[in-house]
Amino acid sequence: MDVTIEARLNNIEKEQEGVFQSTILFFPATTEDVQAALRRIEVDGVNYKKVMLSDVNIDAQHVFYPVWESKHIDELNYLAHRLNELTEADLTVFMAVVECSERPLSAKDMINISMNLDCYEYSFGVSDDWELGKRLAEDDERLYFPPDVEKYVTIDYESYARDIREQSHGRFTEVGYLEQVSAEFIEHYHGPLDIPREQRVFVYPQLTIREQLAAFQMQAAKDAEERQTPLPAHVHNDR
């Protein structure tokens, strides 16, 4: 599936100096993509090393979902790869789970959801209790209604579905009905150390010799400035 993650990269050390530098990076990304983005915000691995991620959003079939926390470029890249490996049906379930979440989801949360989709059942096209109740009744072998029974008896599909939905904590989405059918949700992903090597793309830009010399000179100047401790205003050297 064609799923893209968009994130803003910020040079946090420049920001502390009062200079705001940021750029957009799309995932899945290559090492070259990451290095080019870091160059744009002057993160060289010598003078500036810290990157902060913000405004992270998943674009799944032109529907956008915010990622509320991610501190690692590699983690977003891994999530993007995970989502692009899903079938269309599984991606629909993933999107429904994210939509129905009662709390903001981090990149870690979303990676683990993508690994536990068998814990959920999704009924596409079911938008209200009456429709849900009718489908549940048709699928339940314990309930059998002769073909013409509704000519004589009013079946309260709505109340039937409401009772089941409240017991199972099911939720309606914009295009269907989601229910968690298993409590065996396993946290397979614990953090960046679990990211496959081939999907780790964070590398500082490769500097030319001239760029390295300039970077080290700038760092030396910063260090010298920090070592200089000015005398307090009330101290005088008059003799």
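Threonine 23 sits in strand β2, which spans residues 22-27 of a predicted model. Helices and strands here are DSSP runs (H or I over at least four residues for helices, E over at least two for strands), numbered from the N terminus. At 11% relative accessibility, threonine 23 counts as buried, because the label applies under 20% relative accessible area with a 1.4 Å probe and protein chains only. Its side chain meets that of arginine 40 in a polar contact of 2.7 Å; such a contact is a pair of N or O atoms within 3.5 Å, one able to donate a hydrogen and the other to accept it, with residues adjacent in sequence counted only if both atoms are side-chain atoms. Setting aside neighbours within four places in sequence, threonine 23 is in contact (heavy atoms within 4.5 Å) with Ala7, Arg8, Leu9, Ala37, Arg40 and Ile41.

As for the chain as a whole, there are 8 helices and 7 strands, and 39% of the 239 residues count as buried. Among contacts with a separation of 6 or more, 72% come from residues 24 or more positions apart.

A pocket is an open set of points on a 1 Å grid over the protein atoms alone, where a 1.4 Å probe fits and protein lies on both sides within 12 Å along at least five of seven lines; lining residues have an atom within 4 Å of a point. Points are joined across faces, edges and corners, and the volume is the space filled by probe spheres set on them. The largest pocket has 19 lining residues, with Val97, Cys100, Ser101, Tyr120 and Gln180 nearest its centre. Two or more lining residues come from each of α4 (88-100), α5 (107-114) and β7 (176-180), and α5 gives the most, with 4.

The second largest pocket has about 260 Å³ of space. Of its 13 lining residues, Val63, Tyr65, Met95, Glu99 and Val175 are the closest to its centre. Here β4 (63-66), α4 and β5 (120-124) each supply at least two lining residues, and α4 gives the most, with 5.

Residues are numbered from 1 along each chain as its sequence is written. Local features need pLDDT of at least 70 and side-chain atom pairs count only at pLDDT 80 or more, while totals for chains, interfaces and linings use all residues, and side-chain values use heavy atoms, with hydrogens and water left out.

Terms used. Buried < 20%, exposed > 50% of the residue type's maximum accessible area, 1.4 Å probe, protein only.
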